[in-house]
Amino acid sequence: MSADLVTRLRALDACAVSDALERHGLPPAVVGLVQVGAPAAIAGRVVTVELGPAGAERPTRHLCTAAVDVSGPGEVIVVANDGRTDCAGWGGLLSQAASLRKVEGVVIDGVCRDVPEALEAGLSVYARGPVAVTARGRVIERSWGEPVQIVGTTVTSGDLVIADASGVAFVPEAAAAEVIKTAEDIAVRERSMAAAHRKGIPVSEVMG
């Protein structure tokens, strides 16, 4: 995928992208994920991780570490933990490691812990919220780099994601060029509407 698409996506916001996705018949922004790390917008290519409940098997590595080790600038680690809120799906050492590798940020369908460490590392994390309870003995990694479900939306490594204070939206790789172009058109129109209102045109007329 062209790095230019990531650059263009970074210039947009999640609302415009969500609207564009719907215009193309694709799922809009997911619901329920909020900023819990550094309060900065992020955009980039997806690297997926799937977590699941721990069982009798012994994990071969700590969750999410393989994805962190292969990720870097322009990439966002996306962790599927089935919306689980009773224990963490991400923690402080992972935040430090991701930050050192210049990962753009992390999106978790679940909760994360060690939020102060993510803030200190300057890592943007989007999740269902914070929690202090460890994943140890409760969660293991099932796979990474495979398609996952994030709040009901199928997400694949190589897709694009944008996240900001309004929410998180995923853009399928195959539709990225078309969706981003539509989102850019939406953003231009909204800026024009805002400019008209600043010039004194009533908002009812501008939005009508």
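**A loop residue and its surroundings**

Val 151 counts as partly exposed because its relative accessibility is 28%, where partly exposed sits between buried, under 20% relative accessible area, and exposed, over 50% (1.4 Å probe, protein chains only). A word on ground rules: this is a predicted model, in which local features need pLDDT of at least 70 and side-chain atom pairs count only at pLDDT 80 or more, while totals for chains, interfaces and linings use all residues. Residues are numbered from 1 along each chain as its sequence is written, and side-chain values use heavy atoms, with hydrogens and water left out.

Back to Val 151, which you'll find in the loop between β7 (148-150) and β8 (153-155). Helices (H or I, at least four residues) and strands (E, at least two) are DSSP runs, numbered from the N terminus. The phi of Val 151 is near 50°, a positive value in a residue other than glycine. Most residues other than glycine have a negative phi.

What lies 2.9 Å from the backbone nitrogen of Val 151? A polar atom of the Asp 109 side chain does; a polar contact here is a pair of N or O atoms within 3.5 Å, where within protein one must be able to donate a hydrogen and the other to accept it, and residues adjacent in sequence count only if both atoms are side-chain atoms. Asp 109 belongs to strand β4 (residues 105-111) and, at 3% relative accessibility, counts as buried. Not counting residues up to four places away in sequence, Asp 109 touches a list of residues that includes Asp 82, Arg 84, Arg 128, Gln 149 and Val 151, contact meaning heavy atoms within 4.5 Å.

Now slide along to Val 148, in strand β7. Val 148 is buried, since its relative accessibility is 3%. Leaving aside neighbours within four places in sequence, its contacts include Thr 48, Val 49, Glu 50 and Ala 80, along with Thr 153, Thr 154 and Val 155.

Cys 64 has a positive phi of about 75° although it is not a glycine. Look for Cys 64 in the loop between β2 (42-53) and α3 (65-70). Is this residue buried or exposed? Cys 64 counts as buried, because its relative accessibility is 0%.

**Helix α2**

An α-helix has 3.6 residues a turn, so residues three or four places apart point the same way. Just after α2 comes Gly 25, with a positive phi of about 75°.

**Zooming out**

Step back and the chain has seven helices and ten strands. Of its 208 residues, 48% count as buried. Among contacts between residues at least 6 apart in sequence, 76% join residues at least 24 apart. The C-alpha trace spans about 65 × 35 × 30 Å along its principal axes.
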